[in-house]
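Here is a short briefing for a first look. Begin with the display below, then read the points by topic.

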Amino acid sequence: MSIRSVALQPFAGQKPGTSGLRKKVREFQQPGYLEAFVQSLFDTQADLKGGRLALGGDGRYFNREAVQIILRLAAANGVAHVLLGQGGLLSTPAASAVIRAHNAQGGIVLSASHNPGGPQGDFGIKYNIGNGGPAPEAVTEAIYRRSQDIDRYLTIDAADIDLDRLGEATLGGMRISIIDPVADHAALLQTLFDFDAIRDLLHSGFRMRFDGMHAVTGPYARRVLVDMLGAPESLLLNAVPLPDFGGGHPDPNPAHAEELVGLMPGLDFGAASDGDGDRNMILGPGIAVSPSDSLAVLAANATLAPGYAAGIAGIARSMPTSRAADAVAKQLGLPCFETPTGWKFFGNLLDAGRITLCGEESYGTSSNHVREKDGLWAVLFWLNLLAKRREPVANILAQHWRQFGRHYYSRHDYEAVETATAQAAMADLAKALPGLVGRSIDGMAITQADDFAYTDPIDGSVSKAQGLRVICGEAARVIARLSGTGTEGATVRLYFERFEADPARQQDDVQARLKPLIDFAESQLGLRRRSGRAGPDVVT
Ligand code: VG1
Ligand code: CO
């Protein structure tokens, strides 16, 4: 094998955000762009030399081309063995499972997750470390720093390999195992849940649909729900991965999964997953389960699933996620951690055994079985719970709220706002924070107003500027932060939470109950006024 060194100019802005490097496809298609980032990865992650690497993506446009490029760079950089998902596919949770099951030193997942795909859409690349989880900030920073002064990449001259044939291959002396992308993950899920009970439920006249949104989860759902659990094929919607996700937006929330939402009145349960299979949406007839509530309900019912029958060690949630999980942790006498947005912040807590379950308001929930959020895991957990309790989803929520109180919750996104406008809005709130304590919103006194900073309890690393928060004791919170996954302008996310202990007031309209908090946010940030929009672009 002869290694070729190709001269390169650094590209600006190869800085991973909340979850990997995401850019427009056309940016990734510039000659040398993907190579520069991947070479920066190999230059900084020394354990990959002579090591094992998992590789796959969500099947979006440019996935297959990127796999071939990365394989050549991996061979030139001395990677010994690549575990490649057949067809170049691996969902994010499956990649995590593969890294862990095969003791790989790391993994590359090609995905921009819920961002739209296709030639005009987005592409992305994420690096996961040996624990199976997203690279922590120290690693992504090192890669970014290297990308700024990189002057060459290493590759080999070799023909493309056949991505679709299962089995062994070699490329310039590097071993490639083309693996079933589903097998490791499905086998792991089977150890956690009561498949017999779920099978009985699915054969009891239970009406369910799973929406793969033409993204990567289709084949995973087919294997587990249809092949292993015997559900009819008709349970699956949009289960074939397509490079442009069928023109849709593979973001599982009620705003983007219209087809499934439309079917819900006639179903007992609906679920969907996102582009790379790490998010989940849970629906019952007449109810969309807020992801924050979902984490709390799973934590409260964890012992119903065999994998968690002995109880859980603790719970963690991202800062903007509602405090519903905290209420459960308190009653169960468990530790509860509040981390910045992004799954990478859960890794140390999971590795240290301090938590078993964790979740984010952005439709992400998972456990210590992998180091990523896991869409199908959440769906199976809910099915396990429903199989044991045999109650409608809405009743399970109502009962949960009676026991723990309800945290009314909503997120409002102003997408692709002009960057200067978004920054000015955030700056105004930041400036106002010190003067807010002591004032009140709808009779609720503001007790704390700050910019969230996090000190990792395991390694002591500090992450600052993680979101502006206005807190009214236990009663309410308003949070504002800028998205770190967008590829156009700036997206401002506003998060609203309001606690209600009185069961007689737990079935109100969510937006109506949050209105004073929403009005407060507008008075401080002026997003409608500044952007000239009538309201947020997406409400979840
Ligand atoms: C968003 C979510 C965050 C999630 C991240 C990646 O980030 O808010 O909770 O971890 O997406 O999810 P941001 O910075 O845009 O708010 V995924 O499924 O798109 O990898
Ligand atoms: Co995702």
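Which of the 20 residues around ligand 1 come nearest? They are Thr-18, His-114, Ser-362, Thr-485 and Arg-493. Keep in mind that this is a predicted model.

**Where the ligand sits**
- Ligand 1 takes up the space of the largest cavity.
- The shell around ligand 1 splits into 10 polar and 10 charged residues.

**Polar contacts to the ligand**
- Thr-18 has a side-chain N or O atom 2.5 Å from an oxygen atom of ligand 1.
- For Thr-485, a side-chain N or O atom also lies 2.5 Å from an oxygen atom of ligand 1.
- In Ser-362, a polar side-chain atom is 2.6 Å from an oxygen atom of ligand 1.
- Thr-18, Ser-362 and Thr-485 are also among the residues that come nearest to ligand 1.

**A look at Asn-63**
- Asn-63 belongs to helix α3, which covers residues 63-76.
- Is Asn-63 buried or exposed? Asn-63 counts as buried because its relative accessibility is 2%, and the cut-off for buried is under 20%.
- A polar atom in the side chain of Asn-63 lies 2.8 Å from the backbone nitrogen of Gly-59.
- Which residues does Asn-63 touch, not counting those up to four places away in sequence? They are Gly-57, Asp-58, Gly-88, Leu-110 and Phe-123.

Terms used
Residues are numbered from 1 along each chain as its sequence is written. Chains are lettered from A and ligands numbered from 1 in the order in which they are written. This is a predicted model: local features need pLDDT of at least 70, side-chain atom pairs count only at pLDDT 80 or more; totals for chains, interfaces and linings use all residues. Side-chain values use heavy atoms; hydrogens and water are left out. A residue is near a molecule or strand if one of its heavy atoms lies within 4 Å of it. A polar contact is a pair of N or O atoms within 3.5 Å; within protein, one must be able to donate a hydrogen and the other to accept it, and residues adjacent in sequence count only if both atoms are side-chain atoms. On a 1 Å grid over the protein atoms alone, a cavity is a set of points where a 1.4 Å probe fits but cannot get out, and a pocket is an open set with protein on both sides within 12 Å along at least five of seven lines; lining residues have an atom within 4 Å of a point. A molecule sits in a cavity or pocket if more than half of its atoms lie within 2 Å of its grid points. Ala, Val, Leu, Ile, Met, Phe, Trp, Tyr, Cys and Pro count as nonpolar, Asp, Glu, Lys and Arg as charged, and the others, Gly among them, as polar. Helices (H or I, at least four residues) and strands (E, at least two) are DSSP runs, numbered from the N terminus. Buried means under 20% relative accessible area, exposed over 50%, partly exposed in between (1.4 Å probe, protein chains only). Contact means heavy atoms within 4.5 Å.
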